[in-house]
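Dear colleague,

Please find below the structure that I am handing over to you.

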Amino acid sequence: MISIIYVTSWVIEKKKKIISRLRLVRISEMTFNTKLQIKIFMNQISMYEPNEITAFGFFNIDLKLTMSILVLLITAFSTLLQMKDHPWILYLKNAWIANVDYMQTNN
């Protein structure tokens with residue numbers, strides 16, 4: 001969870017640095033294709049909200065949703081660890097082991 005927050009803050013900081021460096025460059029002296037690429041890049045960077053990360057521009061991932069899913073998974077895992085000696089969990093474990101043994105003997 002902390003790593004997601006760290007990466008997000010790092011991405012936001014890098015985004016700010018890139019934008020500030022691009023604003024220092026005189027775009028008027030560049031070729032048309034370079035100007036176009038810089039303008040498209042600046043539009044893409046400025047579109048993203050600080051609480052979102054992008055998966056290579058294909059889609060946005062909302063960090064609130066990501067954090068909620070992460071908390072849910074951690075809670076489920078810790079609950080499973082606490083219930084490791086519960087009869088239902090032992091039944092599922094034995095059924096899983098029997099299924100794996102059956103699959104290995106038939107292959």
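**Surface and overall build**

The accessible surface of the protein amounts to about 9400 Å², and carbon and sulfur atoms hold 67% of it (Shrake-Rupley method, 1.4 Å probe; for residues, only the protein chains shown count as cover). This is a predicted model, in which local features need pLDDT of at least 70 and side-chain atom pairs count only at pLDDT 80 or more, while totals for chains, interfaces and linings use all residues. Residues are numbered from 1 along each chain as its sequence is written, and side-chain values use heavy atoms, with hydrogens and water left out.

The mean pLDDT (the predictor's confidence in each residue, from 0 to 100) is 80, and 82% of the residues score at least 70.

Four helices and two strands make up the secondary structure, in the order α-α-β-β-α-α from the N terminus. These are DSSP runs, numbered from the N terminus: helices are H or I with at least four residues, strands are E with at least two.

Of the 107 residues, 10% count as buried (under 20% relative accessible area; exposed is over 50%, partly exposed in between, with a 1.4 Å probe and protein chains only). Tyr 6, located in helix H1 (residues 2-24), is exposed at a relative accessible area of 56%.

The unreviewed UniProt entry annotates residues 65-83 as "transmembrane region"; such annotations may be inferred rather than shown by experiment, feature names are shortened, and positions follow the numbering used here. Over residues 65-83 the chain is 95% helix and 0% strand, with the end C-alpha atoms 27 Å apart.

Kind regards
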